[in-house]
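Subject: Handover of a structure and the findings from it

Dear colleague,

Please find below the structure that I am handing over to you.

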Amino acid sequence: MSLIKSFAILALVALAAGSVQKSKPMKKFQPEVAPQISVREACGDQYATGTGGSIISPNYPNGYANGESCGWFLTAENGNKIAVVVHDLQTEAGYDVLTILDGITGESPVLLELSGEASNLAVLSTQPSIFVGFTTDSSINAPGFNCSWSQVNPQDSLELFGL
Ligand SMILES: *[C@@H]1O[C@H](CO)[C@@H](O)[C@H](O)[C@H]1NC(C)=O
């Protein structure tokens, strides 16, 4: 999967850049859940477990930076599924990309890949975890995105969100 490859490459680049400057202690992750996509320095990885929250690109709506690579690893409680709603997305089409995976492993299938402009759309996981990634290339910025996530009972559907 080329997405995973590009995350892996970014991870290697981040590692290489880090080791040139000084040997920073590596952040502790859960290698068993995300071996390929677990170490990125540009805007970091965030882990959240719970009922929901916001996922907002750095500096939204005033423009994200070039060369960003952000990851959100979200896990619902009690076996619930996760819905992610994209309220607003404005990025450089084709190059600054929001990706949502159905799960938080390197093999998790892609639920959604978005760039350009979008609003009011939602995806639902098939199981209790979701990965949201955002990568930007080396030029051209835009406002970014504003998403939220929430846990959803296994029997519920996206109709809950009126979308
Ligand atoms: C994101 O969108 C939601 C829903 O429209 C809104 O309530 C919230 O204020 C927005 N957040 C930001 C940071 O703009």
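Two residues are taken to be in contact here if their C-beta atoms, placed from the backbone, lie within 7 Å. Please keep in mind throughout that this is a predicted model.

Overall composition

The protein contains 1 helix and 9 strands. Along the sequence these elements follow the pattern α-β-β-β-β-β-β-β-β-β. Of its 163 residues, 33% count as buried. Among the contacts with a separation of 6 or more, 81% are made by residues 24 or more positions apart.

On one side, β3 pairs with β1 in the parallel sense over 6 bridges. Two positions illustrate this pairing: D45 stands opposite G71 in β3, and the bridge partner of G50 is A76 in β3. β3 is also joined to β8, through 7 bridges, and these two strands run antiparallel. There, T75 has S129 in β8 as its bridge partner. As to burial, β3 is mostly covered, with 7 of its 8 residues buried.

The four-stranded sheet

A further open sheet is formed by 4 strands in the order β2-β9-β4-β7, with antiparallel pairing. Here β2 (52-56) and β7 stand at the edges, and since each has a single partner strand, one side of each is left without a neighbour in the sheet. Neighbouring strands of this sheet are turned by 10° against each other on average, again with direction ignored. β4 and β9 run antiparallel and are joined by 9 bridges. One of the positions concerned is V84, which stands opposite W149 in β9.

The nonpolar core

Which residues touch the most other members of the largest nonpolar core? They are L74, I82, V84, I130, V132 and W149, in a core of 26 residues. The elements that give two or more residues to this core are β3 (69-76), β4 (81-90), β5 (97-101), β7 (117-124), β8 (129-135) and β9 (144-152).

Leaving aside its neighbours within four places in sequence, V84 is in contact with I100, A122, V123, I130, V132, C147 and W149. Among these partners, I130, V132 and W149 are also named with V84 as residues that touch the most other core members.

The ligand surroundings

Which residues lie around the ligand? They are I56, Y60, H87 and N146. By type, the shell around the ligand divides into 2 nonpolar and 2 polar residues, with no charged residue.

With kind regards

Technical notes:
Residues are numbered from 1 along each chain as its sequence is written. This is a predicted model: local features need pLDDT of at least 70, side-chain atom pairs count only at pLDDT 80 or more; totals for chains, interfaces and linings use all residues. A nonpolar core is a set of buried Ala, Val, Leu, Ile, Met, Phe, Trp, Tyr and Cys residues joined through C-beta atoms within 7 Å. A residue is buried if 20 or more other C-beta atoms lie within 10 Å of its own, exposed if 12 or fewer, and partly exposed in between; C-beta atoms are placed from the backbone. A residue is near a molecule or strand if its C-beta atom, placed from the backbone, lies within 6 Å of it. Ala, Val, Leu, Ile, Met, Phe, Trp, Tyr, Cys and Pro count as nonpolar, Asp, Glu, Lys and Arg as charged, and the others, Gly among them, as polar. Two strands pair if DSSP finds at least two bridges between them. Axes are lines fitted to C-alpha atoms, for helices over the stretch in contact, and angles run from 0 to 180 degrees between N-to-C directions.
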